[in-house]
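Colleague: I'd like to learn how to read contacts and cores in a model. Can you walk me through it?

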Amino acid sequence: MSDAKDIPAHALERLRGLRGEGHPGGIFTSDFSVNEFLLVRKAGFEPIGLCIGSCIYHVGIQYGSWNKNQELEMLSQAMYEARELAMVRMREEAAGMGADGIVGVELTVKRLEWDEHILEFMAIGTGVVHAKGHPGFKGPKEQPFTSDLSGQDFWTLLHAGYRPLEMVMGSCVYHVAHQGMLRSMGNVGRNTELTNFSQALYDAREIAMERMQNEAIEAGAEGVVGVDLHEGSHNWQPHVIEFFAVGTAVTPITSEQDASVIPDPQLVLSVNS
Amino acid sequence: MSLLGNILAGMFGGRAPRDSGQSAQRMAEWDAALQHNRLPSFVAARLGAAAAGKTPWIATMSAAELGLARRRGIRPLAMVSGTCWYHYGYSWTRGHAEGWHHALQRLQLEARALGANAVLDVKLRRIELTIGDSMDFTLVGTAVRIDGVPAGAQPIVATVPALEFVRLIEADIVPVGIAIGAQYQFLDPGVGFIAQSILGTAPNRSFSLTASSAARVQGSLRPFTNAPLPELGQFWEGIRRQALAELLRDGQRQGTGVLAHTHLGQLLKVERGNNSPPRFLGRHIVIGTVVDTRRASGVPHEIRTVVDMRDALSPLTRETPPAHNAYPVREQEGAI
């Protein structure tokens, strides 16, 4: 457990109680549903333990110019760094328990009710290990892989000939200018595009995408699957919006499967619904 | 990088904020791009690298879809989007139709830059920010290339995810695009109602209401009377029919059928005060997926019927929200 130097003593205690190499009598913990558990096993993996990383972060104040479209870099950086810290701590736990990776990672952001500037970031998932000790499933830099795919999707991904590397993300907090709509009062009665707002959304989305893609390049991925691109406002003023892209970077499995052996799904119709 | 840039880079741990000159240049590029229907250089560069396979592909596909796509020779390239922030001045209804049309053109522009054959899993979206009488119309999807199919001038725009896309293609049904129909009319009791078609092609029908029918429209019938309100009914039916007719025309330009999943209809009574009688506003928007298929082609798939033994919450019977549905929108007041 050489990687676990930053993990507190009571957490180490918990890790020692888990099933793993040298601890066949330990138990495992997991938030898998029954079906997820079955499919992760079917994929040849065993759950070891729940991995948690959290980060409580004070997000500084940054105001955008009233009439300007601009990224609020300080907020982008805060949202990015806080998520990253939570993920790193979760991965440290996984490395400490000897996991090959973490599946079903849930990444949540919550505002603490007593201070609008403090956000709680939490990452939680189930650490898994290859049942026969196959060494080829680790993520980049021999670290455990991370993935937000469910246990079912993990099985399916492996059957599609890919393995997960790392959750990749890109964040951009953007201030949308106030001015523009009434740039000419003559526009009020017209149906017309407000191009400066269109630009703001394009620019912010583009920046978030670029950042996620850069992470994927760094992870050495072939592609990013299950990308979710969404917008959110974490109690900021209404013109400040976060564009957040997240997905799982994947790479083909070492012994690449021929595409023709990928199972074709069978259509079923439930007749008693 | 400037000296200031170097200092900032140090402060931000290597992630330097874009300096204002850079960001002004970006804005100028966006400005020119939106005006001349082209892409800013940095977007073109990103899409170019993705098309050449120099950067990782990006896909909204699930793991199952990735496998199926790979088996069928469908390769994801990148996510593409189209956005148009639209202000509805004289017409809310028409603004919606035009906003979606613009967004669609821009999505296709990005897809063409990739040399894509299709954009799958296209979702109609809007962000939660309403500024005055305006909102954004955004389409996001995954651009793909299909092995053995040359890049066409007009990539297919499919609102279905890859899983359904493959099933449809196998059954000789090609989802090709999005069709939109939108229509609004005012009913002004006593004056007649003014029909306005969004494309300006519908005849301007004008109805004059008699005093008794005006009373019916205004609902001033005695409370214990059972009676249909034919004028109001006819008015409302007309709006829906014209919206559907426009959907049909938009669909005819693209394919052989429209699966219309999204309907939004509102019939509003507008009080005007000053002893003026109230008027009625009817508006209807319908959006659908255009498909191209031959009549009576068979479906090659075997379908197994199963009896699901769960009492509730079966994944087979659970309702999933339609992926491409941006409505219901919040009720918008103000301009129509």
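Modeller: Two residues are in contact if their C-beta atoms, placed from the backbone, lie within 7 Å. This is a predicted model, where local features need pLDDT of at least 70 and side-chain atom pairs count only at pLDDT 80 or more, while totals for chains, interfaces and linings use all residues. Residues are numbered from 1 along each chain as its sequence is written, and chains are lettered from A and ligands numbered from 1 in the order in which they are written.

Colleague: Which residues does Val224(A) touch?

Modeller: Leaving out residues up to four places away in sequence, Val224(A) touches Val168(A), Met212(A), Ala216(A), Gly247(A), Thr248(A) and Ala249(A), plus Pro56(B), Ile58(B) and Ala59(B).

Colleague: And how do I read a nonpolar core?

Modeller: It's a set of buried Ala, Val, Leu, Ile, Met, Phe, Trp, Tyr and Cys residues joined through C-beta atoms within 7 Å. Buried means 20 or more other C-beta atoms within 10 Å of a residue's own, with C-beta atoms placed from the backbone. Here the largest core has 146 residues, and Val224(A), Ala78(B), Leu114(B) and Val119(B) have the most contacts inside it.

Colleague: How many residues of each chain are in contact with the other?

Modeller: 61 residues of chain B meet 61 residues of chain A. Strand 2 of chain B gives the most to chain B's side, with 8 residues; strands (E, at least two residues) are DSSP runs, numbered from the N terminus.

Notes
Buried ≥ 20, exposed ≤ 12 C-beta atoms within 10 Å, placed from the backbone. Helix = DSSP H or I, 4+ residues; strand = E, 2+ residues; numbered from the N terminus.
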